[in-house]
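Me: Can you walk me through this one? I'd like to go piece by piece.

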Amino acid sequence: PGALLARHPNLRACFRHERLDRPVQVVPKAVRLPWTEVDLTGLSLDEVTVRTEEVLREDAALRFDLARPPLVRATFLRHDTGAELIVSFHHILLDGWSLPILERDLVALVAGRPLPPPVPYRDYLVWLSGQDQHKADTAWAEALDGLDRPALLAPDGPDTAPDRTQLRLPAALTATLTARAAEAGVTLNTVVQVAWALLLARLTGARDLVFGAVVSGRPHDLPGVESMVGLFINTLPVRVRLRDGESAGDLLRRIQDEQSRLLAHHHARVAEVQRTVGAGELFDSILAFENFPQAPPTQDGPDTVRLVTVTDATHYPVTIAAVAEERMLLSVSCRRGISATAITRGVVRVLEQLAENSEQLAQDIDALPQAEHDRLLALAAGPSRAVAEPATVTGRFAAQVARTPDAPAVDTDGEILGYARLDAASDLLAARLVLAGVAPGDTVALLLPRSASVVVAQLAVLKAGACWLPLDPAQPSERLARLVKAAAPVLALTLGAFPVRLPPELPVLDMGEEHAGPGSFEAVPVHPESAACVIYTSGSTGEPKGVVVPQRAITELAADGRFAGGAHRRVLLHNPYTFDASTYEVWIPLLNGGTVVVAPAEAVTPDLLKRVVPDRRVTALMLTPELLRTVAEIAPDALSGLSEVWSGGDVLARDTVRRIQEHCPAAVVVNGYGPTETTVFATAHTAHVPHTAHASPAPTEHTAPTAPTEADPGAVPIGRPLDNTRAYVLDAALRPMPAGATGELYLAGTGLAHGYLGRPVATAGRFVADPYGPPGSRMYRTGDLARRTTGGV
């Protein structure tokens, strides 16, 4: 080994940086080679084998000090049948191409055979110093121009121990890939790069992809470079932009052409490239295609030199090494919880499809095996049950009246309205509505204070065969006028005078006026798909849109298994009835025999909850995450006595849940997710946050879509779909995203609204065909990003 260091001076190098402006490489004239001898004499052959493996493991665990030369050491093992010499190098001294050269040199030195003069590594350093850095910067800036954002697999999150796999492709598949590459006029390296790009696209949902590639770095115009020993390899970005309608073959040829233009600039450093393009982290996965010359096979003998192992490690979440052999070797190492097995399977899946037909459209190549595809679709489905019967709100309410006519239906500050009385009051108002000209399919506007009148009015409108349009009296007259014009109600229900001006052509019916109605009223027959209400969105992302919610969606919400069991016996009605949260507050209890507890007509504060919850025996309520956080910080005991607290509409913080658990251990916190278009809730997650700071959430049986992900450890997941609901995480081609990958969340099932009132184009853009549901079914495109992870986090 000492002669080897004398032959290749750069193997004597060390690297120093302390108290220096920039690191420097120091090459001493002479160094003492660390030498260890291990005596294995007297041991059996099996014992020698075991002990040798132990020595190799111990040697691999020893770290080199980069500042102390040499970064090479030798171990000599002596046993009864001979001896073995182990030489270990730090990777900073040489690359994979150099190893067969060192093997050849060691063989000759051990055997005493002459060697040709070495080609000094210094020649490369001289060549490198003469390169035009400005020209390289310009080339890389052009190659990465217009890159919006990197397609990162794991943009943040805790690091984990590497997960590694190795797999050899069948010889037939390797041969077919080689043939396909030749047919397309590209290298096998390009085929592997495109395969990884297509998998990366499925994992990230991106179409403009960048990953790192390990390049040989040996300039073709440097004489003797193929015989040099040293570190030439470099890691540089590879950009792959996917195009609609492009065949895999055309993609292969285009990527090879784009990469060929950068060959002359492979000496650039990735940090310089990042500075040039003004970007931060460009990639978090790297691909190394190893195709360097191999030493000829030799029979083991007294002078045999053989490469035992090479241990590589990177800080990237995904590192893939492909070794060009008769059976291509894939070696995959992953961090941050990414499965090496899953990555390997995905790469192989794409390679198989490229081998089968390189002229198919690239966009049709799917990295997911069919079994995984089916598994993800199964995870997207919530519990299946028969559709609720009766399927209309009026029919289900009538059935409840028949069962419990005297049970309390609405509690307004101690004034109780039983189910039979509520039924009679709504019959009376429904008769007035019909008498006023309200017909099936009409819309009736409601301008009412928080009171029992809201419940009576909604039920009466449905009995008249119409749907209600909730209007907020606190809104400006101009906004109310726009909503009235868009929804075209035939009548407005009020309770006394309101300080708002309605369009003069809109008839008004005051619920407070005395009216002698008919002795009985038969509810107008309606279909489960008949509209129950039109709820306008806030308009935060554009013009407010009126969401048409059918009666079926409300009965399905009320029949969900999450609301069985008695936790919703008494639900607090406090949200503005113009929000869909009030649908939960009114119809979950009413259609299950419970009681709507109407909160006082004042702002909902921690002090009010502290008074109302125990005094009115409230068992469940819904608060926005912001209000729930305020309550948890100021008066968490205000929620004492509750069975369940539901939250939705924004990200729910784990700290909020933890504080409520500490002060109200009997209260279950549920994070619900669902836009108005899916009738209050589409998914739900029962939150449980361990008290210890470093504990992880208890795993759940299934994988769950999440808006907050593992990357946001402070957020509670949104959980699993409700009954008869499907929650898909899909890519741009509407394919299921792999577990852990980010995609767009689509919702489908019996809670889906009809669409937007009078907005067919907007409806068609958001309510799209469900390719995985029953024939004719639709799904709602939420626009929210989500991902599935094991454990539902």
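Me: How many bridges pair β4 with β5, and in which sense?
Reply: Strand β4 (residues 72-79) and β5 pair in the antiparallel sense over eight bridges. Two strands count as paired if DSSP finds at least two bridges between them. Helices (H or I, at least four residues) and strands (E, at least two) are DSSP runs, numbered from the N terminus.

Me: What is the bridge partner of valine 72 in β5?
Reply: Phenylalanine 89. By the way, this is a predicted model: local features need pLDDT of at least 70, side-chain atom pairs count only at pLDDT 80 or more, and totals for chains, interfaces and linings use all residues. Residues are numbered from 1 along each chain as its sequence is written, and side-chain values use heavy atoms, with hydrogens and water left out.

Me: What order do the strands of that open sheet have?
Reply: The order is β3-β4-β5, three strands with mixed pairing. β3 (35-39) and β5 (82-89) stand at the edges. Each has a single partner strand, so one side of each lacks a neighbour in the sheet.

Me: Which helix lies across those strands?
Reply: Helix α2 (residues 45-61) lies across β3, β4 and β5. α2 runs at about 170° to β4. Axes are lines fitted to C-alpha atoms, for helices over the stretch in contact, and angles run from 0 to 180 degrees between N-to-C directions.

Me: New topic. How do α14 and α17 pack?
Reply: Helix α14 (residues 452-463) and helix α17 (residues 581-590) pack at about 70°, with axes 11 Å apart. They are therefore roughly perpendicular, a label for angles of 65 to 115 degrees.

Me: Which residues meet there?
Reply: Val455, Gln458, Leu459 and Leu462 in α14 meet Val586, Trp587 and Leu590 in α17. Contact means heavy atoms within 4.5 Å.

Me: Now histidine 8. Is it buried or exposed?
Reply: Histidine 8 counts as buried because its relative accessibility is 4%. Buried means under 20% relative accessible area, exposed over 50%, partly exposed in between (1.4 Å probe, protein chains only).

Me: And where is histidine 8 found?
Reply: In the loop between α1 (2-7) and β1 (14-16). The side chain of histidine 8 makes a polar contact with the side chain of aspartate 105, at 2.7 Å. A polar contact is a pair of N or O atoms within 3.5 Å; within protein, one must be able to donate a hydrogen and the other to accept it, and residues adjacent in sequence count only if both atoms are side-chain atoms.

Me: Last one. Why is β18 largely enclosed?
Reply: Five of the six residues of β18 (residues 531-536) are buried, so the rest of the structure largely encloses the strand.

Methods:
Parallel < 35°, antiparallel > 145°, perpendicular 65-115°, else oblique.
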